[in-house]
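Please keep the sequence and the coordinates at hand while reading.

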Amino acid sequence: MAFGKNPRGERKSSSPYGSTVVLVVFVALCLIGVWMMTSSSITPIQTIHVPSETKIDMKDQISDSSRTFEDASGGLSSEATQTNNETPSQVEEAPDNVERLEERPNQEVHEENNLINNGDSTEDTKSESTETDSGGQIDAQDKNPQQEFVTSEQQPSQTEEQPGGNPDEPASEGVNSGRIRNEVNQKGQGRKQDQTDEYDSSKYLPGTESGGEATKSNPDRTEKNEKRASQSEENREQDPSESYPDPAQSEILNETNIQTGTWKTQATESEKEKDVQELSRDQAVDKGANVKGETPMYTWKLCNVTTGADYIPCLDNEEAIKHLRTTKHYEHRERHCPDPAPTCVVPLPKGYKRSIEWPKSRDKIWYHNVPHTLLAEVKGHQNWVKVSGEHLIFPGGGTQFKNGAQHYIDFIQEMVPNIAWGKRTRVILDVGCGVASFGGYLFDNNVITMSFAPKDEHEAQVQFALERGIPAISAVMGTQRLPFPSKVFDIVHCARCRVPWHIEGGKLLLELNRVLRPGGYFVWSATPVYQHDKDQEDAEIWREMKILTKAMCWDVKSIKNDRLNEVGAAIYQKPTSNECYESRKESKPPMCQETDDPNASWYVPLQACMHKVPVDSTERGSQWPEQWPLRLEKPPYWLSTSQTGVYGRPAPEDFKADYEHWKHVVNKSYLKGLGINWSTVRNVMDMRAVYGGFAAALKDLNVWVLNVVPIDSADTLPIIYERGLFGIYHDWCESFSTYPRSYDLLHADHLFSNLKKRCNIIAVVAETDRILRPEGKIIVRDDMETINEIQNLVKSLHWEVRLTYSKDKEGLLCAQKMMWRPGGSSSM
């Protein structure tokens, strides 16, 4: 056979090839062995987000990762992979370097992607990768529940040096970090900056509203920021520059459904108290503008109304007023809101300027901001207001205190020393306030005053007050209850307010009795008090008032004349028990029925009756609150531990937790991290207050806060008053009773997401534009879907979005209103 004859011939022809194969295999095995022996560890294992619905045991996860490593190593044989004796031990030690998956927030990477709008820099995507102690990096794959661990092509020493990175800085921000976007427009160009949850708050100094300028000019601060970014989670919780509460702090934001259980709402309270009202109107949910996940850019038009720059939709509804049957009870001064709500933009007065800052604004304002002179012409001799060049001057006088409000305030204190301004007396209601000089000067006595007057022939009196930086609303005592709870004001004041208290069974005075705290005072400074022996009409009014106040069991504490102002005042005190009511010979005025809810006040008709005084020590109103400022921080005595709070804790604990939460947010974020120059902020509105914690946290600033409790929220407004703050009920599907350009700062905590269920959100944003001053700010905290919708709408209004933030599907938006107004006009 040929094979037997020449066996060596074939071997000689194949020998070189076989030798080459053996050599290549040997060299490959050596190289692989050397590589595996010199490696400090197997592929660095990193924390990867796993969706909550995919629960994987950690041991199984490590086992799977080992198999994945073998598959990724090039298909080596089992003998080859076992040449590295470190492999088994290192795989077993991997859990020590892996954060427990069940402790991670769900869907973090997905939420982080939702934060940034289209057009962000590609560097933002680097934060989608995860981080380990060794500095290695792999891609996070949220969509695949079976996560794969892949080998790094670099050794650990190489991996630490990321292109363009800092050796001291982690390779990525990590999915635990929140993300901030600070957008500041300079010369028409936007500047974006992404940061982690921890950032240097000094970049947003109050005087540096552009956000980031301080860091740009200081390289040392930049290095400090980079080091701070690499802090551990423990250090993060202690970092004083945190701009947004960590999960432990933000937990309180997750409200429960307790509001529909233990807590009543003003809507349900009022529904039982009125026969006919428009509370349960069926409002369409955003006709076309609220498609879920989308908010198209809206085209705005100017409001085409006769009131122009002073338009108040619910008070200037000419069509509704035209159809009123009668106006003898001031029905035409009450709220008549247009339906649907307006979605137009109110123009600015010609020559409008940024408002003068407090406290200078108490004495003067820009004439062109409120270009009305009627009060200066009619009341100039009483020192209400005077025109001086391009300013309107306020000497601090009034009809009853033409020589100054401070003397008048001292005069009242002398009449009844127990009033104790700023201690026993903290919250006042001023009826028919004029330009609100009385309330403006009471700030010096640590007293806050809810001033109100109608929008009537006394031109712009409430508008003057707000421009001066003094709290005020437009309202009238007509046919409906005032939008306040019962038993909340320490004093009710009326200086020549010309209200016919005695007519129709004393219906209007009985309304003041409803809102006055038991033991509180009614201060009446009017001509019938000191001219009843000179004028026949005043004599008749004085006689009727003496009868009425005695029948109401009000005790006359003092009647005295002020020689300097040549006026007089009478001070009455509401009883603290029911003994007088029960001993009356005649039930005039009558006691209200037991079923009547004195707290119901949203479009509730007035009644000529009195409610009994609470006497049980656990009832609100049975005791006087703690003296100021202790009452601010101490839970009201009538909040029981058996009562569940709004956030699900026992009510007193809920109160304290809310206060601590807002102190944290205000001190660590709002005062330092939003680029707000707080010296320019005076008039503040919390559009959805709960316990008033946000307002309480601002107590050391020269601001006042109007706390608004929506009618469909838990009725916590009595708590706000109990702690020495004030507020009002409102339905944000309607316009607010104030002039345009009233507030420097609006705060909306989870307001808009609730309103979307029943309101046209475009109309709500138009209302915020109406009541916010140019260059004023809004802070919105809500879910990210809502944040994106509001952001698109305010951008369409040419507002400057200064900062956005997102974490765990929750977000924050800070935006500034600009001077822009649309060119066209609209009938609504």
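**A sheet, its helices and its charged pairs**

Helix H20, residues 536-551, lies across E13, E14 and strand E15 (567-573), and its direction is at about 170° to that of E13. The model is a predicted one.

These strands belong to an open sheet of seven strands with mixed pairing, in the order E11-E10-E9-E12-E13-E15-E14. At its edges are strand E11 (472-474) and strand E14 (555-562), each of which pairs on one side only. From one strand to the next, the twist averages 20°. In general, strands of a sheet pair through backbone hydrogen bonds, in either a parallel or an antiparallel manner. A parallel case is given by strand E9 (residues 427-431) and strand E10 (residues 448-453), which are joined by five bridges. Within this pairing, Ile-428 has Thr-449 of E10 as its bridge partner. Helix H18 (residues 507-515) also packs on the sheet, where it touches E9, strand E12 (489-495) and strand E13 (516-525). The direction of H18 makes about 135° with that of E13.

The charged side chains may be considered next. Side chains of opposite charge can pair when their charged atoms come close. A search of the whole structure finds 29 salt bridges. Among the residues involved, Asp-490, Arg-517, Arg-631 and Glu-722 are linked in a network of salt bridges.

Which parts of the chain does the pair of Arg-758 and Asp-731 tie together? The side chains of these two residues meet in a salt bridge with an N to O distance of 2.9 Å. Arg-758 lies in the loop between helix H26 (752-755) and helix H27 (761-771), and Asp-731 in the loop between strand E18 (727-730) and strand E19 (743-749), so the pair ties together parts that are 27 residues apart in sequence. Arg-758 counts as partly exposed because its relative accessibility is 25%, whereas Asp-731 is buried, with a relative accessible area of 1%.

A further salt bridge joins the side chains of Asp-769 and Arg-821, at 3.0 Å from N to O. This pair links distant parts of the chain, 52 residues apart: Asp-769 is in helix H27, and Arg-821 is in the loop between strand E22 (810-816) and strand E23 (825-826). Asp-769 counts as buried at 1% relative accessibility, and Arg-821 counts as buried at 17%.

Arg-649 and Asp-654 also form a salt bridge, in which the closest N and O atoms are 3.7 Å apart. Here Arg-649 is partly exposed, with a relative accessible area of 25%, while Asp-654 is buried, at 0%.

Glu-734 lies in the loop between E18 and E19 and counts as buried, at 5% relative accessibility. Its side chain makes a polar contact of 2.9 Å with the side chain of Arg-335.

Glu-633 lies in helix H22 (residues 630-633). Because its relative accessibility is 42%, Glu-633 counts as partly exposed. Leaving aside residues up to four places away in sequence, Glu-633 touches Phe-655, Tyr-659 and Lys-699. With Tyr-659, the contact is polar and runs between the two side chains at 3.5 Å. The C-alpha atoms of Glu-633 and Tyr-659 are separated by 7.7 Å, although the residues are 26 apart along the chain.

Definitions and conventions: Residues are numbered from 1 along each chain as its sequence is written. This is a predicted model: local features need pLDDT of at least 70, side-chain atom pairs count only at pLDDT 80 or more; totals for chains, interfaces and linings use all residues. Side-chain values use heavy atoms; hydrogens and water are left out. A salt bridge is a side-chain nitrogen of Lys or Arg within 4 Å of a carboxyl oxygen of Asp or Glu. Buried means under 20% relative accessible area, exposed over 50%, partly exposed in between (1.4 Å probe, protein chains only). Helices (H or I, at least four residues) and strands (E, at least two) are DSSP runs, numbered from the N terminus. Contact means heavy atoms within 4.5 Å. A polar contact is a pair of N or O atoms within 3.5 Å; within protein, one must be able to donate a hydrogen and the other to accept it, and residues adjacent in sequence count only if both atoms are side-chain atoms. Two strands pair if DSSP finds at least two bridges between them. Axes are lines fitted to C-alpha atoms, for helices over the stretch in contact, and angles run from 0 to 180 degrees between N-to-C directions.
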